[in-house]
2 protein chains.
Amino acid sequence: MAHIVDLDVLDIRFPTSRELDGSDAMNPDPDYSAAYVVLRTDDGPDGYGLAFTIGRGNDVQAAAIRSLAPHVVGRPVPETAADLGALYFELVGDSQLRWLGPEKGVAHMALGAVVNAAWDLAARRAGVPLWRFLSALTPEEIVGLVDFRYLSDALTPEEALELLRAAEPGRAERAAHLEREGYPAYTTTPGWLGYSDEKLAALSRQAVADGFDMIKLKVGGDLDDDVRRMKLAREVVGDDVRIAVDANQRWDVDTAIGWMRELAPFRPYWIEEPTSPDDVLGHEAIATALDPIRVATGEHVQNRVIFKQLLKADAIDVLQLDACRVGGVNENLAILLLAHKFGVPVCPHAGGVGLCELVRHLSLFDYVAVSGSMDGRVIEWVDHLHEHFTDPAVVRDGRYLAPTEPGFSARLKDETLAAYRFPDGPVWTEAS
Amino acid sequence: MAHIVDLDVLDIRFPTSRELDGSDAMNPDPDYSAAYVVLRTDDGPDGYGLAFTIGRGNDVQAAAIRSLAPHVVGRPVPETAADLGALYFELVGDSQLRWLGPEKGVAHMALGAVVNAAWDLAARRAGVPLWRFLSALTPEEIVGLVDFRYLSDALTPEEALELLRAAEPGRAERAAHLEREGYPAYTTTPGWLGYSDEKLAALSRQAVADGFDMIKLKVGGDLDDDVRRMKLAREVVGDDVRIAVDANQRWDVDTAIGWMRELAPFRPYWIEEPTSPDDVLGHEAIATALDPIRVATGEHVQNRVIFKQLLKADAIDVLQLDACRVGGVNENLAILLLAHKFGVPVCPHAGGVGLCELVRHLSLFDYVAVSGSMDGRVIEWVDHLHEHFTDPAVVRDGRYLAPTEPGFSARLKDETLAAYRFPDGPVWTEAS
């Protein structure tokens, strides 16, 4: 029997702040980074996972991942849903580590990185991409992977089982459809705050030419700038392309409402992260005031308990799960089930380092085995850093292609690990 | 001018799990720990702070504190409110570190430890205990210390200023009153889950003899046990002593309601942490169902945004701030102001390592300069580990004495640092 014999962690950072890629109202100079984990085995493939950060603190994130090694090293390589459930419940059940959250922030992202690496390992070993691995599980197996603690006032295991059983017919057809047609994407590439109007217009035009029917602009820095940029983008892309806007938590509740009313004439499709990701009641107030503009959030939502409340309070119209913020695949299964129960489409957050690579698996699985629908669903696409991955996300004609390589796609190339290791890789030693 | 020349961090752990002190329904075997920080100066006293954890992960917490050194080392020693505001806003404004939260979990507790150490340093330098240092600030200075981001739908700077000005008359009298009479305490010492019925009864009897008019029991492990223990405690202490119960987040919403109805005949004063600290709507449902039993939470509430919602939703009747969970003194000023605005008494969480030492300063300041009231207010008291502090909390006849030593009281004795350092102190190398 194969075992996990080591847990390696690397601090990998890309100097993205030099180009202002990724600049927004709250994050003016991110260096997109990964606290990267490898589960080494004594037989067969290794497993890969990561936590995404934006620079400083990536070392702390790496230390948090390393602290989980005793739960993993020496364990048989996970192969079944039961194995993957046992690992997750052991990690969330560590009462001493739980104190550091509970289930939030650095400690929780560390747990998510390890859980995701274990899923990657299991899917690699099975020789299938993660979305296929997940799509082959029975409803009972999927329910057994979810921690229903704190969810029973919104979703019980029995309800979850019913939802999953109702989606069983047609699984094979939907999987085949994904392999033929892919899954809808939208692009954030044109809209970073650090870009000039000329660059914004050119990239927006290019996005439409590339087949996207939805783009996203960063807002929240300066109202006059936002009105001008939104007007420009609308003129460039025309009436039929959706334009979402994203404030990256910049506003208080009343500011969000007032600011968005100024942008409303240009028909924003959704307002993303209008305020603190912790503020359920704030999102509820914003959603009520701005209806019919959709309210979206999720990339910084810490766990299923906050998502449960956002859904129960009717505070969001779009749920943006993140592959690396919460407790890995297991907690994202809970979040997909909650979203389906409340009828809210999941449009994952992506970009960063590896998020496009990872989230596509979750959306594809959602289509096959949970919601069974693509209506109103779209995965974010940001076209940078993909070249560093061994199984990069590919978008063609505005759609993600279904991945075919075994695993969860988080593996970075060896030459990337050597070049971008912080602080001693040549990208850092030679430039600073 | 004196400067901060170094930031030292130590991983200090006490083997409390060996005696089941501190055992509750979620935390069966805690080793109470401190990620302990010293701000070294080149002239005059150093500053001391800590983050409290319960064992594993204390090294991660220490790494997070260490990562903040660049914001602190080389800085002039803070002396004024403006200096302390500038440090806090620089730390919460680090956009790369913010990604690790925002403002929650390991990264936020690290920030809190450093901020608290800076306050300790300023108060030591001024030669006064922290509560006196705070109580000498003007309303304008206090408002300048608070981050109102995400609060304006509940509390504006102008409203905060009004509240503080209204409490200015009588400050000196209330401070003198505290020095004469102290501040009310309750004790959790009798109620740990790991204790036998005999020990529970004996310690409850002792608590009343020691002058306490309120005790607290841990619940949530087993309903029959809880009914028996609650009945026993009520018999021992009589009708006039308040008995609070604490479930340490063990329950879902419906379980909390059902379980507490079984304990209701024994008149629990409050139910603490009935469910996830993230679940604002859950607390609201529980508070509505269990009225008039009070609902309390706070030791795991991550920041002012969650407290704001708990208050706005009328979801808690008692606010239990924690000195080390949030962004230090500055964020606790925001929380005290919010609680006062909404008319909810603050009854701080204490125990752990150093929490009794620290929180007393905040409650005393609240009495002097914010709420001006002791009605329904009481500070938790757990009688262990105080002997390790140079300025230990002292409770006499059921009341905390007002501290008189300069600073914020987080300093551990040198011999404690040597003995309990993990993993190489003799307490750990000789016992395991």
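**Reading a predicted two-chain model**

Author: A2(A) counts as buried because its relative accessibility is 5%. Buried means under 20% relative accessible area, exposed over 50%, partly exposed in between (1.4 Å probe, protein chains only).

Reader: What conventions apply here?

Author: This is a predicted model: local features need pLDDT of at least 70, side-chain atom pairs count only at pLDDT 80 or more, and totals for chains, interfaces and linings use all residues. Residues are numbered from 1 along each chain as its sequence is written, chains are lettered from A and ligands numbered from 1 in the order in which they are written, and side-chain values use heavy atoms, with hydrogens and water left out.

Reader: Which residues does A2(A) touch?

Author: Contact means heavy atoms within 4.5 Å. Leaving out residues up to four places away in sequence, A2(A) touches D42(A), D43(A), P76(A), V77(A) and R125(A). A2(A) sits in the segment before strand 1 (4-13) of chain A. Helices (H or I, at least four residues) and strands (E, at least two) are DSSP runs, numbered from the N terminus.

Reader: In what order do the three strands of the open sheet in chain B run?

Author: Strands of a sheet pair through backbone hydrogen bonds, either parallel or antiparallel. Two strands pair if DSSP finds at least two bridges between them. In chain B the order is 1-2-3, with antiparallel pairing. Strand 1 (4-13) and strand 3 (47-53) of chain B are the edges, each pairing on one side only. Strand 2 (residues 33-41) of chain B is joined to strand 3 of chain B by seven bridges. Y36(B) stands opposite L50(B) in that strand 3.

Reader: At what angle do helix 1 of chain A and helix 1 of chain B pack?

Author: Axes are lines fitted to C-alpha atoms, for helices over the stretch in contact, and angles run from 0 to 180 degrees between N-to-C directions. Helix 1 (residues 58-66) of chain A and helix 1 of chain B pack at about 175 degrees, with axes 9 Å apart. Helix 1 of chain A is therefore roughly antiparallel to helix 1 of chain B. Angles under 35 degrees count as roughly parallel, over 145 as roughly antiparallel, 65 to 115 as roughly perpendicular and the rest as oblique.

Reader: Which residues make the contact?

Author: V60(A), A63(A) and A64(A) meet V60(B), A63(B) and A64(B).

Reader: Where does helix 1 of chain B lie?

Author: Helix 1 (residues 58-66) of chain B lies across strand 1, strand 2 and strand 3 of chain B.
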